Amino acid sequence: MAGGTKLRLHRSIRPGDVLVGTRKIVNVYEKQGSTGPLIFTVRELTITTADSEPVMEEIQTSIAR
Amino acid sequence: MLNIQDLEVGSQLPQREYTASNVSLFLYNAAVWNPHRIHYDERYTTEIEAHPGIVIDGPLQGDWLCQVALNWLGDDGILSTFNYTNRRAAYLGETLISGGRIVAINENTQEVDLELFIKNEAGNVITPGSACVTIASSNLRGAG
């Protein structure tokens, strides 16, 4: 299940931009929920231009039970 | 057009009601390529995963929250940050209400901080969020 999202936008994208996306798992942890253990997975998506200019960062948390 | 001088901390953004249907949830999940059956298969959802009903997607509520900010902002600025947390589940048949209010205004940076919410019919905020928008500097009164 979805846990939430944090988004930071640095600039608009324009026709002709070449964008590079990198996704990585930045954290995995367990919490005790009311119906049993919950496993939280935190993923980060970073989008830059081909020249490494920042465009967007997104951090998403998903919850498995 | 939004003028930052006209905005006030505490002002409410327009609210909107959403009542998802099993067709709208099926279409949303097809569009985001999410096969999880808790969003369209009631027997599986209640018998296998023991939810009380079909689950309204958390990211769909996030999209509704983002629309609170973007629909209010229109073409008068850009979204700089947007955050939300799915705190409580919502189920098919519930009517959810989106809205928000202005919590801070910085006339130097043209930034406006918004607090956003998705509430259920009982009035509980199930998905709180926040956003920072930057009002276009051409929207200063007297400019351009």
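Colleague: Helices here are DSSP runs of H or I with at least four residues, strands are DSSP runs of E with at least two, and both are numbered from the N terminus. Where in chain B does Ala50(B) lie?

Modeller: This is a predicted model, in which local features need pLDDT of at least 70 and side-chain atom pairs pLDDT 80 or more, while totals for chains, interfaces and linings use all residues. Residues are numbered from 1 along each chain as its sequence is written, and chains are lettered from A and ligands numbered from 1 in the order written. As for Ala50(B), look in the loop between helix H2 (42–48) and helix H3 (58–73) of chain B.

Colleague: What about Ser52(A), what is its phi?

Modeller: Ser52(A) has a positive phi too, about 70°, and it isn't a glycine either. You'll find Ser52(A) in the loop between strand E3 (36–49) and strand E4 (54–64) of chain A. Ser52(A) has 7 C-beta neighbours inside 10 Å, so this residue is classed as exposed.

Colleague: Let's zoom out. How many helices and strands does chain A have?

Modeller: Zero helices and four strands, so to speak β-β-β-β if you read along the sequence. Its C-alpha trace spans about 50 × 15 × 15 Å along the principal axes. Of its 65 residues, 5% count as buried.

Colleague: And how many helices and strands in chain B?

Modeller: Chain B has three helices and five strands, and from the N terminus they run β-α-α-α-β-β-β-β. The C-alpha trace of chain B spans about 60 × 30 × 20 Å along its principal axes. Here 28% of the 144 residues count as buried.

Colleague: Which residues touch the most other members of the largest nonpolar core?

Modeller: That core has 28 residues, and those touching the most other members are Leu65(B), Ala69(B), Leu114(B), Leu116(B), Ile118(B), Ala131(B) and Val133(B). A nonpolar core is a set of buried Ala, Val, Leu, Ile, Met, Phe, Trp, Tyr and Cys residues joined through C-beta atoms within 7 Å.

Colleague: Which elements of chain B each supply at least two residues of this core?

Modeller: H3, strand E2 (77–85), strand E4 (111–119) and strand E5 (125–135) of chain B. H3(B) gives the most, with seven residues.

Colleague: What is Leu114(B) in contact with?

Modeller: Skipping neighbours within four places in sequence, its contacts are Leu13(B), Ala69(B), Gly100(B), Ile102(B), Val103(B), Ser130(B), Ala131(B) and Val133(B). Contact means C-beta atoms, placed from the backbone, within 7 Å.

Colleague: New topic: how many residues of chain B are in contact with chain A?

Modeller: There are 13 of them, in contact with 10 residues of chain A. H3 and E2 of chain B each supply at least two residues of that side of chain B. E2(B) has the largest share, eight residues.

Colleague: In what sense do strand E1 of chain A and E2(B) pair?

Modeller: Antiparallel, over five bridges, with E1 covering residues 2–9 of chain A. Pairing takes at least two DSSP bridges between the strands. One bridge here links Leu7(A) to its partner Phe82(B) in E2(B).

How values were computed
A residue is buried if 20 or more other C-beta atoms lie within 10 Å of its own, exposed if 12 or fewer, and partly exposed in between; C-beta atoms are placed from the backbone. Two residues are in contact if their C-beta atoms, placed from the backbone, lie within 7 Å.
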